[in-house]
Amino acid sequence: MSSVISIKKFALWFGLYALGSFIAHNLLAFTIPVAIAFLMLVLPGYGVGLLYLIFRAIKHPHGQLRYRNLWLWVGMTCQCLVLLASPRDCYGFKQGADCTPPVAGFAIVVVLYLISLFIFFKTLRIELPAPES
């Protein structure tokens with residue numbers, strides 16, 4: 001398990017990670033299939049994760065959070081695999097016979113990334129502060 005971090009700080013870091021991921025996807029693989037996969041699958045996953053963290057921060061304003069380092073690294077590895085597997089041979093809106101990206105491998109890696117993101121959020125542990133007497 002990780003060291004203790006406040007829920008608000010973790011939500012801020014996760015929001016910055018989601019923004020950085022969006023920028024990296026657009027810079028490295030600016031194609032229509034990647035944009036569709038990111039906007040329809042990954043971005044809603046980030047949104048659900050952020051909403052979960054925001055609601056937890058509202059419910060437990062002084063709560064602390066722990067996460068499993070293993071699932072953090074699995075998620076980061078899957079993020080890198082998504083960036084590596086994203087189709088890049090038809091940049092932007094280029095059309096033609098040579099624009100046939102390997103979408104099947106990319107779709108598998110995106111699904112693996114979403115599964116790792118779900119497991120990461122499922123294994124988060126919230127520790128409430130001790131009640132004052």
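**Close-up views of a predicted model**

**View 1. The largest nonpolar core.** Within the largest nonpolar core, which has 26 residues, those that touch the most other members are Phe10, Tyr46, Leu53, Leu65 and Leu124. Two or more residues of this core come from each of helix 1 (7-28), helix 2 (32-59), helix 3 (69-85) and helix 4 (103-122). In soluble globular proteins, nonpolar side chains tend to be buried together. The structure shown is a predicted model, and of its 133 residues 34% count as buried.

**View 2. The surroundings of Phe10.** When neighbours within four places in sequence are left aside, the contacts of Phe10 are Ile5, Leu53, Leu65, Tyr67, Phe120 and Leu124. Among these partners, Leu53, Leu65 and Leu124 are named, together with Phe10 itself, in the group of core residues that touch the most other members.

View 3. Three strands make up an open sheet, arranged in the order 1-2-3 with antiparallel pairing. Strand 1 (5-6) and strand 3 (125-127) are at the edges and have a single partner strand each, so that one side of each lacks a neighbour in the sheet. Strand 1 and strand 2, which run antiparallel, are joined by 2 bridges, and in one of the pairings Ser6 has Gln64 of strand 2 as its bridge partner.

**View 4. His60 in its loop.** His60 lies in the loop that connects helix 2 with strand 2. Its relative accessible area is 17%, and because buried means under 20%, His60 counts as buried. Apart from neighbours within four places in sequence, His60 is in contact with Ile7, Ile126 and Leu128; of these, Ile126 falls within strand 3 (125-127), and Ile7 falls within helix 1 (7-28).

**View 5. The whole chain, for orientation.** The protein contains 4 helices and 3 strands, which follow one another along the sequence in the pattern β-α-α-β-α-α-β. Of the contacts between residues at least 6 apart in sequence, 87% join residues that are at least 24 apart. The protein exposes about 8,300 Å², and 74% of this area is supplied by carbon and sulfur atoms.

**View 6. Confidence along the model.** The protein has a mean pLDDT of 80, with 83% of its residues reaching 70 or more. Confidence is lowest in helix 2, where the mean is 83, and highest in strand 2 (residues 64-66), where it is 88. Where pLDDT is low, the predicted coordinates should not be read in detail.

Technical notes. Residues are numbered from 1 along each chain as its sequence is written. Side-chain values use heavy atoms; hydrogens and water are left out. Buried means under 20% relative accessible area, exposed over 50%, partly exposed in between (1.4 Å probe, protein chains only). Contact means heavy atoms within 4.5 Å. Accessible areas come from the Shrake-Rupley method with a 1.4 Å probe; for residues, only the protein chains shown count as cover. A nonpolar core is a set of buried Ala, Val, Leu, Ile, Met, Phe, Trp, Tyr and Cys residues joined through side-chain atoms within 4.5 Å. pLDDT is the predictor's confidence in each residue, from 0 to 100. Two strands pair if DSSP finds at least two bridges between them.
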